[in-house]
Amino acid sequence: MRFREGARLDTSGVQDRRGRRGGGRSGGRAGGRGLAVGGGGLGVVGLLVVVLFQVLGGGGGDTAGLASTLGGLSGGQTADNSELAANCRTGADANASVECALVADIESIQDHWGATLGPDYRPADTVFFAGSVQTGCGGATSGSGPFYCPADEQVYIDLSFFDDLQTRFGAAGGAFVNAYVLAHEYGHHVQHLLGTNRLVTPGETGPASGTVRLELQADCYAGTWANRAESVPDDSGAPLIADITDDDIDRALDTAGRIGDDFIQTELGGGTVDQDAFTHGSSEQRRQWFSTGYATGDPAQCDTFGTDDVG
């Protein structure tokens, strides 16, 4: 995956709450956190987050009041984008730095959905944090993995997660895999905007459950972005992403397979597959629905709620 060298990056879609200075052109942090199986955003977040996602995102109620009750939007943490803005100026910076590549990914993903949904799309910031964070859905830690909070309409990620994908899950990793992770979370934001999450019964699990369908649709939405990423224009009118290769797609499919419920249960859990406990879908389902989005580029083909067979 390569970005257009001369592209100008916009860091306004990121809130950097890591609180570290002098990191320069660093990538993710190495992290040794515990694995919480069965969660919300991508397949490895804690149960607390998935419950909050389903309740806050599915009910369409007073999310502002709930956010205040659960700890507010920032919990005293402040964002400082000064270092990020200084280091991440061009596509060349994105080609050289993990965090600058993420800035570019976020810009491209949001431009894609802005063009697709038009005025129905509201931008959502991505919060970079380290260790722990306060959100509109309450507190979370690095062990929560990447997740989307509908109460404050923001994506949250500790960049050490990308190290964990390779060291804990054995994923090949790479720049496009990181982009797939973010595109999946923004798929949840799209579902929130469209009201799709109201179709899910909180706490429902199983291979054909609404919870699984929601996650598979987010994978499919990520695939639609990947299909169009090389043509999504930035503010200059030229595509921000210059090249996505077959190897990039293979790496994303490899990752999708390693964050399926069955893989996690057998390789990182007790060794036994319990389909009744599925919350994100099997490895095959996740590969299938990302592939559907990537092959068609059409969000209408991602209607996991309109089919009896989700794979």
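**Notebook: cores and pocket**

I looked up the largest nonpolar core in this predicted model; of its 61 residues, Leu 165, Phe 176, Trp 225 and Phe 290 touch the most other members. I then listed the elements that each supply at least two residues of this core: H5, strand E7 (154-157), helix H6 (160-167), helix H7 (175-194), helix H8 (210-228), helix H9 (246-258) and helix H11 (283-296). H7 gives the most, with ten residues. Apart from this core I found another, of nine residues, including Val 127, Phe 129, Val 133 and Phe 147.

I checked what Trp 225 touches, not counting residues up to four places away in sequence. I noted Met 1, Ser 108, Ile 109, His 112, Phe 176, Ala 179, Ala 183 and Ile 241.

Next I turned to the largest pocket, whose volume is about 230 Å³. I counted 15 residues in its lining, and the closest to the pocket centre are Asp 10, Ser 12, Gly 13, Gln 110 and Asp 111. Which helix gives the most to the lining? I found that helix H5 (residues 98-117) does, with six residues. By class I noted six nonpolar, four polar and five charged residues in the lining.

Last, I looked up values for the whole protein. I recorded eleven helices and eight strands. Of the 311 residues, 55% are buried. I noted an accessible surface of about 11500 Å², with 49% of it belonging to carbon and sulfur atoms. For contacts between residues at least 6 apart in sequence, I wrote down that 77% join residues at least 24 apart.

Terms used:
Residues numbered from 1 in each chain as written. Predicted model: local features only at pLDDT ≥ 70, side-chain atom pairs only at ≥ 80, totals over all residues. Heavy atoms only, no water. 1 Å grid on protein atoms, 1.4 Å probe; cavity = no way out; pocket = protein on both sides within 12 Å on 5 of 7 lines; lining within 4 Å. Points joined across faces, edges and corners; volume = space filled by probe spheres on them. Helix = DSSP H or I, 4+ residues; strand = E, 2+ residues; numbered from the N terminus. Nonpolar A, V, L, I, M, F, W, Y, C, P; charged D, E, K, R; others polar. Core = buried A, V, L, I, M, F, W, Y, C linked by side-chain atoms within 4.5 Å. Buried < 20%, exposed > 50% of the residue type's maximum accessible area, 1.4 Å probe, protein only. Contact = heavy atoms within 4.5 Å. Areas by Shrake-Rupley, 256 points an atom, 1.4 Å probe, with all protein chains shown as cover.
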